[in-house]
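Subject: The structure we talked about

Hello,

Here is the structure I promised to send over. Have a look at it first, and then read on for what I found in it.

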Amino acid sequence: MVKKQSFFEKKSVVATFGVLALLSGIFFVRPKGVTGNIILSSRSVVDLTSIIGLLLLICSAILLAYAIARTK
Amino acid sequence: MLNIKEFSIIIVISIILALTISLIESLELFLYALLTIFLVILVNIFAKKIISFYLESEIEIKLWELKRYGFRTHDYLKKPFPAGAFFPIIITALTFGYVYWMACLVFETKPKVYRTAKRWGLYSFSEMTERHIGAIASAGIFANLIFGVIGYLIGFPEFARLNLYYAFFNMIPIGNLDGNKIFFGNIVLWSFLAILVLIGLGYALLLV
């Protein structure tokens, strides 16, 4: 009996979302003009958008690992 | 669709969340936050109720309670701690109003008696599967995301933002929250939803 494949389990869809998450993660995690002079200001180097970017990279790793591990 | 107990829990949680979000700056702001939060919670719950109906089950909304405090088998609290009611206040107080904790409600699924008859075939069963529980939980998150986009497009940015915050906190895979149900039901679906929620949240924080 062939199991019906859902939309979210198709390899192409998973891989596309993985790449999308990877690109968005890189966009959010990128340092915004942070130089050595950051120590002179009270601004934190790690902000909330960087954490969001990191979480996006983790999610993209899960999806890309799933897409690569699938044989079909 | 909602019984008195569920409705009263939703009202209490709406008031707590509205208090933490508005920080009692003004009565108008509090009432606006209360109405918005109430709508956000209703969107989430009704989506889950509709999907549970189609999966031959019914859900009951409850306050999020913590019962375990450790990994050992006897690490249980004698009385469950109502984390859903206290976490928003504690987190807001600890972060001086910078972070609003919005994951307060959980649900329990009960299969209907005719589930076995309808789920016929090779795998005839009456119990709820992890996958179906995850599907019900994900419906609420999807609904919040869709209403967030609609709210943004029709000019209600605060409604959109609160939908995203609510979805984000419910996606955290801890305790009995929706995120845990989706995570153990279907990790790929959890990753999809997490990506959508995080992109939406990043957009809301950066641009809106």
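To start with a simple one: what percentage of the 208 residues in chain B do buried residues make up? The figure is 42%. Please keep in mind throughout that this is a predicted model.

**Chain B as a whole**

Chain B contains eight helices and four strands. Reading from the N terminus, their order is α-α-β-β-β-α-β-α-α-α-α-α. The radius of gyration of this chain is 18 Å, close to the 17 Å that the globule rule gives for 208 residues, so chain B is as compact as a globular protein of that length. Its C-alpha trace spans about 55 × 45 × 35 Å along the principal axes. If you take the contacts in chain B between residues at least 6 apart in sequence, 64% of them join residues at least 24 apart.

**Helix 6 and what surrounds it**

If you are browsing chain B, do stop at helix 6, residues 157-170. From first C-alpha to last, its 14 residues reach 20 Å, close to the 20 Å expected at 1.5 Å a residue. Of those 14 residues, 12 are buried, so helix 6 of chain B is largely enclosed by the rest of the structure. Among the buried ones are Phe159(B), Leu162(B), Tyr165(B), Tyr166(B), Phe168(B) and Phe169(B), and the list also includes Arg161(B), Asn163(B) and Asn170(B). The cover over these buried residues includes helix 2 (27-54), helix 5 (130-153), helix 7 (178-185) and helix 8 (187-206) of chain B.

Helix 5 of chain B has 24 residues and reaches 35 Å from its first C-alpha to its last, close to the 34 Å expected at 1.5 Å a residue. Just after this helix comes Gly155(B), with a positive phi of about 95°.

**The nonpolar core**

Which residues have the most contacts inside the largest nonpolar core? They are Leu193(B), Ile195(B), Val197(B) and Leu198(B), in a core of 68 residues. Helix 8 of chain B gives the most to this core, with 11 residues. Leaving aside residues up to four places away in sequence, Leu193(B) touches Ser138(B), Ile141(B), Met171(B) and Ile182(B).

**Two backbone angles to look at**

Most residues other than glycine have a negative phi. Glu56(B) is not a glycine, yet it has a positive phi of about 50°. You will find Glu56(B) in the loop between helix 2 and strand 1 (57-63) of chain B. Glu56(B) is partly exposed, with 18 other C-beta atoms within 10 Å.

Phe96(B) is not a glycine either, and its phi is positive at about 55°. This residue lies in the loop between helix 3 (83-94) and strand 4 (105-111) of chain B. Phe96(B) is exposed, with 8 other C-beta atoms within 10 Å.

**Where chains A and B meet**

The contact between the chains takes 17 residues from chain A and 14 residues from chain B. On the side of chain A that touches chain B, the elements giving two or more residues are helix 1 (11-29) and helix 2 (48-69) of chain A. Helix 2 of chain A provides the largest share of that side, nine residues. By type, the residues on this side of chain A divide into 14 nonpolar, two polar and one charged.

Best wishes

Technical notes
Residues numbered from 1 in each chain as written. Chains lettered and ligands numbered in written order. Predicted model: local features only at pLDDT ≥ 70, side-chain atom pairs only at ≥ 80, totals over all residues. Expected span 1.5 Å × (residues − 1). Buried ≥ 20, exposed ≤ 12 C-beta atoms within 10 Å, placed from the backbone. Contact = placed C-beta atoms within 7 Å. Rg over C-alpha atoms; globule rule 2.2 N^0.38 Å. Nonpolar A, V, L, I, M, F, W, Y, C, P; charged D, E, K, R; others polar. Core = buried A, V, L, I, M, F, W, Y, C linked by C-beta atoms within 7 Å.
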